[in-house]
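This report describes selected features of the two chains shown below.

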Amino acid sequence: MSKGKLGYFDPKKPQENRITDIGPNRFEQMMPPVLRKNYGKWLSHRILEPGLLMHVSETGDKVYTVRAAAPRTLSVEYIREVCSIADKFCNGYVRWTTRNNIEFIMDNEKAARDLKKELDSTKYPAGSYKFPTGGTGFGITSIVHTQGWIHCHTPATDASGPVKATADVLFDYFKSMKLPAKLRIALACCLNMCGAVHCSDIALLGYHRKPPTIDHEVLGKVCEIPLVIAACPLYAIKPYTTPEGTKSVTVNQEKCMYCGNCYTMCMALPLADAEGDGIAILVGGKISNRITTPKFSKVIIPWLPNNRPRWPEVTNVVKKIVEVYAKDANKYERLGDWAGRIGWEKFFEKTGIPFTEKSMDDYRLAVDTFRTTTQFKFTEHAWAVSKAVGGI
Amino acid sequence: MGAEGQEHLWDKEVKGHRTYNDIRIFTDEQLKNYTEEELKNFKGKHATPMLDELEKGPWPSFVSDIKREALHRNKLGQDNLQIPAEICDDLLGIVELSYRDGETHWKHGGIVGVLGYGGGVVGRYNDQQAQFPNIAHFHTYRVNQPGAKFYTTDWLRGFCDICEYRGSGMTNLHGSTGDLVMLGTFTDQLEPIFFDLTHDLGVDIGGSGGNLRTPSDCIGKARCEFACYDTMDMCYEMTMTFQDELHRPAFPYKFKFKFDGCPNCCVGSIARSDMAYIGTWKDDIRINQDAVKAYVGGEIPRNGGAVQANWGPFNIQEEIIDKCPTECMNWDGKKLSINNPECNRCMHCIDAMPEALRVGADQGLSILFGAKAPILEGAQLAVMTIPFMYAKKPYDSIKNLVRKVFDWWIEEGKNRERIGETIQRVTLKTFCEVLGIP
C-alpha cells in the first residue's frame, strides 16, 4: 500500500494511473473452497443449537456456520481480531450477514464447537462479550441500525447507544430460540428510516416534536428555496421576504409535523431539540412472504424521551412487548400477524400500552386504516369511549 | 480485482495470489502494540461518564471498541498515521457531548469526493471544531462490498490498514445498503485512499447521491438450498454493467437494486430497493415423502431446528396444512400432496420442513418496483410487476428491461422523486405500458 501524505496520487497529474469502474471484488475468490465446491448444490440445513448452523450438500459435504453478534460500528482492531479467529479456525475466510452478524464457516463440526466456545469466552476488559454466538432461529438477532450521533446531521436520537441498551436487555433472546417466530428489531435515528424500520417486528424511530427554527439571514444564501418548499409533505413552507428584503421561507407551525425533510434540504432550518426529540415505537412489520404478505410497522407509542445513556423507557417497553408476544402468539406467528389476529385493541390491552390519538393515521390515505366494521373486542378503552359520550 | 482478468487476485487457491504481506502498511509489532492491562487502564483524552455506562452489559460495546482503537492509535503515534492520532479520542468526546446535550454535533451536509466520480463519499464536519480539532473532518467512504459479504482475511487486513493509516480506524460493517463503510477521514486523504483501494485492494467505491446505489444480495447458492437463481453472480454482473450509473449521478434521485434468492427476502429487497429481484419457481414443489414421514414421526426437528420452545410433537395438520395461505395442501395420514397451481410460493411449508420439501426446479425470478422509506409521499413496499423471468447469465433480457426503466424514469421522474412515487403519480398502468406489459 502507498505511504506518505499523497501515496500513489499525484495532484499535478490527477488523471494519471487512475483506475475507475472496476466494481467490487469478484466474490468467488473470497468464498471458502467448500462453498465453491458445493455452490448451488445445497439440499437442506439444520440449526444444531443457537448460533450453530449445518448445511448439507448433495455431494454429501456438510458445512458448519457459527454466527456471532457484532456492534456494526467496528474498529479495525476488532476486525483484525475477527481475522485472527478466522485464520485459526476457518483457513482465513469469514463473512458478514445482512443484519451485520459475523459468520465463521468450516467443514468440521468439532472445530465449529471449539470456535463457538472461544467466541463465547472473549470479552472486553469492561465486561461485554466481543463475539457472543446466537442470532439463529426463532429468537431475536442483531438490531439493524443507523449512524445516530456518531456521524449523522439529521438524527433525533442516537443509534449505537439505544441499540446497545436494548440488546443488553434482550440478550437472552439472542442466545436462545424460544419465541413463536423470529423477531426483528430495527432502529433509525430519523424518519428517513435508513434501513428496515418501516418493515420490522419492533422498530425504534428517532422523532422530533418541534418545528424547525429559521435562520432568515442565511437561508436565501445557502438554500435553494424551491427545493425547500417542495421538501414538505404537508405544504407548510412558503416563500417569504423579510422586511430587510432578504429571501427566506416561513413554516406554518400548525401544519408542520416535524419530519425534518426541509432541514435535509436546507441547513438554515435546524430542528433538533434535546427536550423535544425522542423515540417513537412501531411494531408489526415484516419483509418475508411467509404465510402472510409483507407488512409495514405501525406506530404504537408516539414518543419516549431520549433518556441518555440507557433509554430505560424504551428498553422497558420493548421487553414488555416481547414478553407478551412470546406468551400469547401462536406457532410461526410473527408479531404483526399476532396483533392482527387478536385485534389491535387487544394488543394495546395485553401489553398495557395506552392507545393515544397519535396512533390514528391522519395522512392522506388515512381512511383506509380506520375500522369500518362492527367487528371489535370490548376493552377498557372501548368502555371508556362509551362512558365518555354518556352511553353507559 | 473486480476488473476483468483479475478475478482471482485474492484467491488463496490460485498460485501467485496477492497476500496481506504484499500490501501491508503496519508491522506485526505495530499491530500488537498494547496489552490487555493497558487497555483496562486506558483513560481517553476526554472524560466520558455517560458513554462509560454503555461499556456495561453483555452485548458487544461500541464504546469499548472505540476506546481500543483510541489506545492503539495513541501508541502508533502521529508519525505512523496520516490523519490525527487522536481522532478516536475526539470521536468519543463529541459523542459524549451529544449524550450530554441530547443533540447531534455534526454540521449539515458536506460535499466531497474523488475526481471522475459524482458520489461514493459522504462529507461530514463537526460543529465544535475548536474543542475537537482532530475530528474537524469526518468523511465517510463507501466501499463496494463483495457478494454476500464474503472476505478473505488477507483482503480484510489490507482494508484495515488503509482505514487506520488514512482514516480514523473506525468502520461500519456494513452500511444498510451493503457497502463497507470507512468511517471518518480528512479531505486530503480521499484521493490517496481511492488509489490504494483500486490499485492494491482491487476494489471500487460504492454509490451515493442521485444514482444507482451499491447493489446487494442474499447468500444465495453459496449456502442456501432455497436460492432460485444465482443472486451473487447476478448482483455482480448488474453492478459491473451499470458502473457508470453507479458512479456518476444521472438520475432524478437514488435507485437501488437488491437480489433475494427466494420470497423469504433475507436482504429485504421488497422493502428496501427500487427494483427488487426475488427468486421463484414455476413448476412443482419437490416432495420427499419419506422425509415428510420422518417429520411427522418426530425424527427431524421442525423448521430446521429453529424452535426451542416447548411446542409438543410436530403436528403437520396444524403447523403446515392449516397454515398454508391458499389451503392447497393435504395430508391423508400417509402422503403429503400439494395442489401446485394454487400455491403462491410463500415458502412456509418449505421453511418448516426443509429436508422434505424443495423449491421447484424450473427457477427464475419476479421483479417488483418502487419500495421506499416514508419521505416524501409515504413508505411503499415494492409492487409485483413482472411475475417471472429466467435469470441466466449474461442476463440480457433483464438488463434490457433495466435500461428501459432508466430511460423512462430519467425523462419522467421529478427532482428527488423515487421511482415508486413516479409510478404513483403517473399510474401503474402507464408504467406497465412503458415496459410493454399487456
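## Accessibility and an exposed glycine

A residue is called buried under 20% relative accessible area, exposed over 50%, and partly exposed in between. The model discussed here is predicted. In chain B, Gly436 has a relative accessibility of 58% and therefore counts as exposed.

B:Gly436 lies in the segment that follows α17 (428-435) of chain B.

Chain A contains 12 helices and 12 strands. Its C-alpha atoms fill a box of roughly 75 × 70 × 40 Å along the principal axes. Of its 392 residues, 57% count as buried. When contacts between residues at least 6 apart in the sequence of chain A are considered, 64% join residues at least 24 apart.

Chain B has 17 helices and 14 strands, and its C-alpha atoms occupy a box of roughly 75 × 55 × 55 Å along the principal axes. Buried residues account for 66% of the 438 residues in chain B. Among contacts in chain B between residues at least 6 apart in sequence, 66% link residues at least 24 apart.

## Helix α2 of chain A

Helix α2 of chain A spans residues 76-90, 15 residues in total. The distance from its first C-alpha to its last is 19 Å, close to the 21 Å expected at 1.5 Å a residue.

This helix is mostly covered, with 12 of its 15 residues buried. Among them are A:Val76, A:Tyr78, A:Ile79, A:Val82 and A:Phe89, together with A:Glu77, A:Arg80 and A:Glu81. Just after α2(A), A:Asn91 adopts a positive phi of about 55 degrees.

## Helix pairs in chain B

Helices α9 (residues 231-241) and α15 (residues 396-412) of chain B have axes that come within 12 Å and cross at roughly 45 degrees. The two helices are therefore oblique to each other, and their crossing is right-handed. On the α9(B) side the contact involves B:Met234, B:Glu237, B:Met238 and B:Thr241, and on the α15(B) side B:Ile398, B:Lys399, B:Val402 and B:Arg403. By class, this contact comprises four nonpolar, one polar and three charged residues.

For helices α5 (residues 62-76) and α6 (residues 87-101) of chain B, the axes come within 7 Å and cross at roughly 145 degrees. Residues in this contact include B:Phe62, B:Ile66 and B:Arg73 of α5(B), and B:Ile87, B:Leu91 and B:Tyr99 of α6(B). The contact has nine nonpolar, one polar and four charged residues.

## Backbone details

Most residues other than glycine have a negative phi, and most peptide bonds are trans. In chain A, Arg72 has a positive phi near 70 degrees. A:Arg72 sits in the loop between β3 (62-68) and β4 (73-75) and is buried, with a relative accessible area of 3%. A:Tyr258 also has a positive phi, near 70 degrees; this residue lies in the loop between β10 (247-251) and α8 (261-265). With a relative accessible area of 23%, A:Tyr258 is partly exposed.

Chain B provides examples of cis peptide bonds. One runs from B:Leu173 to B:His174, with omega near 0 degrees, and B:His174 is placed in the loop between β4 (170-173) and β5 (180-183). Another joins B:Lys393 and B:Pro394, with omega about 5 degrees. B:Pro394 is located in the loop between β14 (383-389) and α15 of chain B.

Key. Residues are numbered from 1 along each chain as its sequence is written. Chains are lettered from A and ligands numbered from 1 in the order in which they are written. This is a predicted model: local features need pLDDT of at least 70, side-chain atom pairs count only at pLDDT 80 or more; totals for chains, interfaces and linings use all residues. Side-chain values use heavy atoms; hydrogens and water are left out. Helices (H or I, at least four residues) and strands (E, at least two) are DSSP runs, numbered from the N terminus. The expected span of a helix is 1.5 Å times one less than its number of residues. Buried means under 20% relative accessible area, exposed over 50%, partly exposed in between (1.4 Å probe, protein chains only). Axes are lines fitted to C-alpha atoms, for helices over the stretch in contact, and angles run from 0 to 180 degrees between N-to-C directions. Angles under 35 degrees count as roughly parallel, over 145 as roughly antiparallel, 65 to 115 as roughly perpendicular and the rest as oblique. A crossing is left-handed if the near helix is turned anticlockwise from the far one by less than a right angle, and right-handed if clockwise. Contact means heavy atoms within 4.5 Å. Ala, Val, Leu, Ile, Met, Phe, Trp, Tyr, Cys and Pro count as nonpolar, Asp, Glu, Lys and Arg as charged, and the others, Gly among them, as polar.
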